[in-house]
Amino acid sequence: KEAALEAANAEKQAELASAMQDKEAALEALQAAQAENEAALESAEAEKQAELESAQADNDAALDAAKTAMTAQMEAHEEDMASLSAQLAASTAQLTVMTAQIEANKEDMDCLTAQL
């Protein structure tokens, strides 16, 4: 009877040892899967970060190009304004000359009228 109990006990211990090995193997597999998931997550995060940085660089380049274009437009407008200002000054000078000519002609007419 005692031998049967010892045999049953040994069998139960063997089953328990086998179950513990199965649990340890399952735990190791779970830990390996978790490590794979963490590595995949880190890789995906790094890829997304790289995409964001690339998009930001593209946006910065586009912004710089727009600023450059706007600066060129402003310079062109300033040049146009300077040209218009010069034209206005020339027209004003012509008007002054024409006014002086009219005054001279008026004086000539007054002289002629006085002579008549």
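A residue is counted as exposed when its relative accessible area is over 50%, and as partly exposed when the value falls between that cut-off and the 20% under which a residue is buried. In this predicted model, glutamate 79 has a relative accessibility of 58% and is therefore classed as exposed, given the cut-off of over 50%. Glutamate 79 is placed in helix H1, and together with Glu75, Glu78 and Asp80 this residue forms a negative surface patch.

Opposite charges were also examined, since side chains of opposite charge can pair when their charged atoms come close. Across the whole structure, the search returns 2 salt bridges. One of them joins the side chains of lysine 12 and glutamate 15, with a distance of 3.9 Å from N to O. Both residues belong to helix H1, which spans residues 2-115, and lysine 12 and glutamate 15 are 3 residues apart, or about one turn of the helix. Lysine 12 is exposed, at a relative accessible area of 54%, whereas glutamate 15, at 41%, is partly exposed.

The other pairing brings together the side chains of lysine 48 and glutamate 51, for which the N to O distance is 3.5 Å. Lysine 48 and glutamate 51 likewise lie in helix H1, with a separation of 3 residues that corresponds to about one turn of the helix. With a relative accessibility of 54%, lysine 48 is counted as exposed, while glutamate 51 has a relative accessible area of 41% and is partly exposed.

Technical notes. Residues numbered from 1 in each chain as written. Predicted model: local features only at pLDDT ≥ 70, side-chain atom pairs only at ≥ 80, totals over all residues. Heavy atoms only, no water. Salt bridge = Lys/Arg side-chain N within 4 Å of Asp/Glu carboxyl O. Helix = DSSP H or I, 4+ residues; strand = E, 2+ residues; numbered from the N terminus. Buried < 20%, exposed > 50% of the residue type's maximum accessible area, 1.4 Å probe, protein only. Patch = residues over 30% accessible without salt bridge, like charges linked within 9 Å, V, L, I, M, F, W, Y side chains within 5 Å. Areas by Shrake-Rupley, 256 points an atom, 1.4 Å probe, with all protein chains shown as cover. Lys, Arg positive; Asp, Glu negative; His and termini not counted. Charge placed at Lys NZ, Arg CZ, Asp CG, Glu CD.
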